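Notebook open, model on screen.

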Amino acid sequence: MIEQLRGLKDRALAQIDEAADLEALTQLNVSILGRKGELTATLRGMGSLSPEERPVVGQVANEVKTAINDAIEARTSALSGAEQQLKFAREAVDVTRPGRAPFTANLHPLTQVVRELLDIFTGLGFDIAEGREVENEYYNFEALNIPADHPARDMQDTFYVAPGTVLRTHTSPVQVRVMEQTTPPVCVVAPGKVYRHDSDVTHSPMFHQVEGLMIDEGITFADLKGVLHSFIHSYYGPQTGIRFRPSFFPFTEPSAEVDIQCVFCKGAGCRVCGRTGWLEILGSGMVDPAVFGCVGYDPEKVQGFAFGLGVERIAMLKYGIDDIRLFFENDLRFLKHFG
Ligand code: PHE
């Protein structure tokens with residue numbers, strides 16, 4: 001029996017030594033020293049011993065029990081120390097690591113483009129003017145030589161707020177308001193929102209225009225060309241080809257639409273430019289004498305030019321965006337590209 005006890009002790013000490021964690025030690029404590037444990041089982045044999053043998057075996061049994069207890073205690077404190085260390089290591093904070101950058105917002109791409117355009121034109125000497133988005137038919141149409149029966153007045157295109165009152169369909173009414181309040185010379189650009197009943201991948205019911213107007217004695221079409229050349233070359237790069245195409249607007253005569261060499265295929269012809277190599281970017285022309293008549297300017301004395309460009313279109317061509325609706329959905333994944 002003493003042999004048995006010694007064997008039990010050796011095995012137990014070896015197991016305790018190998019216990020990997022506190023959980024395993026608790027298990028061993030139960031399976032060796034517990035009420036249904038190995039030691040208890042072994043000691044059950046004491047009943048069959050002689051009275052002389054009993055104290056001897058009892059003493060060995062106590063020694064074994066104490067040894068195992070001590071071993072479990074020693075291992076417990078060793079393991080819990082190690083576990084403590086591990087925990088500390090896991091929870092350690094490295095104060096030398098760089099911080100997480102906070103989310104920073106950026107200006108909306110259209111705001112950025114408008115500001116870039118205005119920077120170019122103010123650099124050329126233009127002042128900034130503003131009109132109103134809810135406009136009289138007179139300023140939006142009549143004063144711009146668009147009579148009541150003109151197709152541009154079609155209810156299909158124009159949002160009427162009330163009879164005689166519209167959401168402006170272009171920024172050209174600002175020309176009229178500025179001329180009414182200024183004696184020439186006039187040199188302004190007017191940015192703003194405009195509205196048309198139109199919606200698809202290239203048209204939005206609300207979009208932005210920048211209008212330009214320069215009036216003085218002796219202003220010619222050459223001045224118009226010079227200003228637009230400067231603008232296009234500073235915005236799209238000095239190599240960009242430019243083309244003036246005869247066109248018609250009721251408030252300019254002569255009128256021209258201005259194309260730039262396709263920024264995608266460099267003029268070779270592609271899907272975006274419809275294989276023509278050219279992209280239309282704005283409308284322009286010499287202010288029609290009929291408009292001068294409405295604002296009290298003498299067309300024999302002053303001449304001038306005007307132009308109007310669509311900001312979304314300019315931005316789409318600059319950044320290769322193929323759906324105008326992206327500007328108005330406010331999806332951060334899109335907007336963040338312009339940070
Ligand atoms: N207002 C015209 C449009 O919206 C553009 C334009 C402005 C044309 C000034 C000529 C002169 O289409």
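This is a predicted model: local features need pLDDT of at least 70, side-chain atom pairs count only at pLDDT 80 or more; totals for chains, interfaces and linings use all residues.

Started with a helix pair: Leu110, Val113, Val114, Glu116 and Leu117 of α5 touch Val311, Glu312, Ile314, Ala315 and Tyr319 of α10. I sorted those contact residues by type and got eight nonpolar, two charged and no polar.

The axes of α5 (residues 109–123) and α10 (residues 311–319) are 10 Å apart, and the packing angle is about 100°. Angles of 65 to 115 degrees count as roughly perpendicular, so I log α5 and α10 as roughly perpendicular to each other.

What does α5 lie across? I find β1, β5, β6 and β10 under the helix's entry, and α5 runs at about 165° to β5.

That sent me to the sheet. It is open, has seven strands and mixed pairing, and I read the order as β1-β5-β6-β10-β9-β8-β7. Which strands stand at the edges? They are β1 (127–128) and β7 (242–249); each has a single partner strand, so one side of each has no neighbour in the sheet.

Two bridges join β1 to β5 (residues 186–195), and the two strands run parallel. Ile128 is the residue I find opposite Val189 of β5.

Then I went to β10 (residues 303–310). Buried or exposed, for the most part? Seven of its eight residues are buried, so I note β10 as largely enclosed by the rest of the structure.

How do α1 and α2 cross? The axes of α1 (residues 2–18) and α2 (residues 22–33) come within 10 Å and cross at roughly 165°. Anything over 145 degrees counts as roughly antiparallel, so that is what I write down for α1 and α2. The crossing of α1 past α2 is right-handed. On the α1 side I list Leu8, Ala12, Gln15 and Ile16 in the contact, and on the α2 side Leu25, Leu28 and Ile32. By type, the contact of α1 with α2 has six nonpolar residues, one polar and no charged.

Note on methods. Residues are numbered from 1 along each chain as its sequence is written. Side-chain values use heavy atoms; hydrogens and water are left out. Axes are lines fitted to C-alpha atoms, for helices over the stretch in contact, and angles run from 0 to 180 degrees between N-to-C directions. Helices (H or I, at least four residues) and strands (E, at least two) are DSSP runs, numbered from the N terminus. Angles under 35 degrees count as roughly parallel, over 145 as roughly antiparallel, 65 to 115 as roughly perpendicular and the rest as oblique. A crossing is left-handed if the near helix is turned anticlockwise from the far one by less than a right angle, and right-handed if clockwise. Contact means heavy atoms within 4.5 Å. Ala, Val, Leu, Ile, Met, Phe, Trp, Tyr, Cys and Pro count as nonpolar, Asp, Glu, Lys and Arg as charged, and the others, Gly among them, as polar. Buried means under 20% relative accessible area, exposed over 50%, partly exposed in between (1.4 Å probe, protein chains only). Two strands pair if DSSP finds at least two bridges between them.
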